Amino acid sequence: MLICIDSNQFIFGVTGADADAVTLMDILPKLDVAVPRLVVNEAVRNLAKVGMDKQFFATIHRSERFRTVYEPIPAKLVEKYIDLGLPTKADALIGDFVEWVGAKYLVSDNRHFLQEFSTDAYEVLPPAEFLRRFEAGEL
Amino acid sequence: MSTKQILVKVSGELYDEMMRAKRELSFPSLTDFVREAIEDKLKEIKHQAYRRELQKLRQGIQERGGLKAMGLGETKEEIIASLRRTRQQIFEEEYAHLYR
């Protein structure tokens, strides 16, 4: 079961800002994860401010089940996700990526994903709910 | 998938223990039991390597001032808002021309 993880989870998980995101990062090698290059770049750009960008990149790719997808996402899908309620094309790029790679869940704390749009293609879950389902074997 | 054959010598005690575990866990053969045990151990070794890297990452971030030094804000909402600004910047720099 493939999932996508938003950049906020990586930042929360490596800085300790959120306990559920910390757990999510701890169990990363147990999950099949695909993220678009944009998400990795967001985390990398911010972690570069404390000189930990390379360590971040190396760490996530230590998980054999983690992959960064570099291919461009079809423009048609970006428009679809704007129509579904995402406020910017940058958000829509993440939203459509999840459908495009066939992931079942997007894990995020971003309210624009959690509250302001919906799609039949996948579910958006906050980390606490994702972990609850993971631990209960409900995914 | 290509396969290789290996010979594993174990003590009589360990052999008995393996056979007992194989029966209890209903493995069809000792070979299946050993194969899965090795796969599990390799997985564990890889997870440990990941955890070490993650620990190094977290420690490095804390030593360099953590979230404060990154200037992303203090609350989760502030941090998310900062990250969304980064997302927008990267989008404008690297992707906007593809999605006009």
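**Around Asp6(A)**

Author: Happy to. Asp6(A) touches Val39(A), Leu106(A), Val107(A), Ser108(A), Asn110(A), Phe113(A) and Arg87(B), not counting residues up to four places away in sequence; contact means heavy atoms within 4.5 Å. This is a predicted model, where local features need pLDDT of at least 70, side-chain atom pairs count only at pLDDT 80 or more, and totals for chains, interfaces and linings use all residues. Residues are numbered from 1 along each chain as its sequence is written, chains are lettered from A and ligands numbered from 1 in the order in which they are written, and side-chain values use heavy atoms, with hydrogens and water left out.

Reader: Thanks! Is Asp6(A) buried or exposed?

Author: Buried, with a relative accessible area of 0%. Buried means under 20% relative accessible area, exposed over 50%, and partly exposed in between (1.4 Å probe, protein chains only).

Reader: And which side chain is joined to Asp6(A) by a polar contact?

Author: That of Ser108(A), at 2.8 Å. A polar contact is a pair of N or O atoms within 3.5 Å; within protein, one must be able to donate a hydrogen and the other to accept it, and residues adjacent in sequence count only if both atoms are side-chain atoms.

Reader: Where does Asp6(A) sit in the chain?

Author: In the loop between E1 and H1 of chain A. Helices (H or I, at least four residues) and strands (E, at least two) are DSSP runs, numbered from the N terminus.

Reader: Which strands does E1(A) pair with?

Author: E1(A) runs parallel to E2 (residues 32-36) of chain A, with two bridges, and pairs in the parallel sense with E4 (residues 105-107) of chain A over three bridges. Pairing needs at least two DSSP bridges between the strands. Ile3(A) has Val33(A) as its bridge partner in E2(A), and stands opposite Tyr105(A) in E4(A).

Reader: What about the faces of E1(A)?

Author: Both are covered: Leu2(A) and Cys4(A) are buried on one side, Ile3(A) and Ile5(A) on the other.

Reader: Switching to the other chain, how many residues of chain A are in contact with chain B?

Author: 50 residues of chain A are in contact with 36 residues of chain B.

Reader: How many salt bridges are there between chain A and chain B?

Author: Ten, taking a salt bridge as a side-chain nitrogen of Lys or Arg within 4 Å of a carboxyl oxygen of Asp or Glu. One of them joins the side chains of Asp18(A) and Lys76(B) (2.7 Å, N to O).
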